[in-house]
Amino acid sequence: MIYGIGIDLVENDRIEKIIKKWDLKFLNRIFSDGEIQYCKKHVQASTHYGARFAAKESFLKALGLGLGEGVRLSDIEVVNDEKGKPSLMLSGEAKVQIEKRKITEVHLSLTHTKQYATAIVLLEKV
Ligand SMILES: CC(C)(COP(=O)(O)OP(=O)(O)OC[C@H]1O[C@@H](n2cnc3c(N)ncnc32)[C@H](O)[C@@H]1OP(=O)(O)O)[C@@H](O)C(=O)NCCC(=O)NCCS
């Protein structure tokens with residue numbers, strides 16, 4: 001059965017401005033090394049950071065949790081397979097919450113334009 005869905009929309013410009021101001025201080029707080037490497041290799045990195053930021057927030061929405069309720073954004077990592085398909089790798093409190101709720105599947109889809117990035121997360125349990 002479906003446990004929850006979450007959706008989020010990010011303006012890439014906002015991410016770009018934060019990165020310009022805080023650089024690694026911001027990036028390392030939110031994104032994994034793998035995510036940073038993935039985004040950095042693209043011409044417009046902020047688009048891909050935006051999509052990953054949206055994925056992290058969508059995951060929280062799907063759980064019904066907000067920021068500051070225990071799960072850190074860095075506990076939620078987007079990884080792409082060899083075909084480019086993204087999925088979420090969870091650690092820390094994010095993993096604890098998934099196990100506590102007996103969620104068996106976590107689905108993620110991303111899309112972006114130059115201006116906006118969007119993610120949708122769907123959680124399933126038996
Ligand atoms: C899936 C596909 C149709 C999406 O095309 P698109 O409309 O230009 O993509 P969007 O801009 O809407 O979304 C981009 C996101 O789609 C996701 N995506 C990419 N490939 C995907 C796939 N095979 N399955 C599911 N999602 C995929 C990624 O999350 C990507 O964002 P990210 O790079 O920041 O992680 C296209 O990427 C495709 O045909 N891929 C097939 C695999 C392929 O040819 N890969 C080339 C490897 S060099």
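Modeller: Around the ligand stand Tyr38, His48, Arg52, Asn80, Lys83, Gly84, Lys85, Pro86, Leu110, Thr111 and His112, where a residue is near a molecule if one of its heavy atoms lies within 4 Å of it. The model is predicted: local features need pLDDT of at least 70, side-chain atom pairs count only at pLDDT 80 or more, and totals for chains, interfaces and linings use all residues. Residues are numbered from 1 along each chain as its sequence is written, and side-chain values use heavy atoms, leaving out hydrogens and water.

By class, this shell has three nonpolar, five polar and three charged residues (Ala, Val, Leu, Ile, Met, Phe, Trp, Tyr, Cys and Pro count as nonpolar, Asp, Glu, Lys and Arg as charged, and the others, Gly among them, as polar). Polar contacts here are pairs of N or O atoms within 3.5 Å. A polar side-chain atom of Tyr38 lies 2.5 Å from a ligand oxygen atom, and one of His112 lies 3.0 Å from a ligand oxygen atom. Leu110 places a backbone N or O atom 3.4 Å from an oxygen atom of the ligand. Taken alone, the ligand exposes 890 Å², of which the protein buries 42% (Shrake-Rupley method, 1.4 Å probe).

Helix H4 (45-63) and strand S4 (103-112) are the elements that give two or more residues to the shell (DSSP runs: helices are H or I, at least four residues; strands are E, at least two; both are numbered from the N terminus). S4 gives the most, with three residues.

Notes
A polar contact is a pair of N or O atoms within 3.5 Å; within protein, one must be able to donate a hydrogen and the other to accept it, and residues adjacent in sequence count only if both atoms are side-chain atoms.
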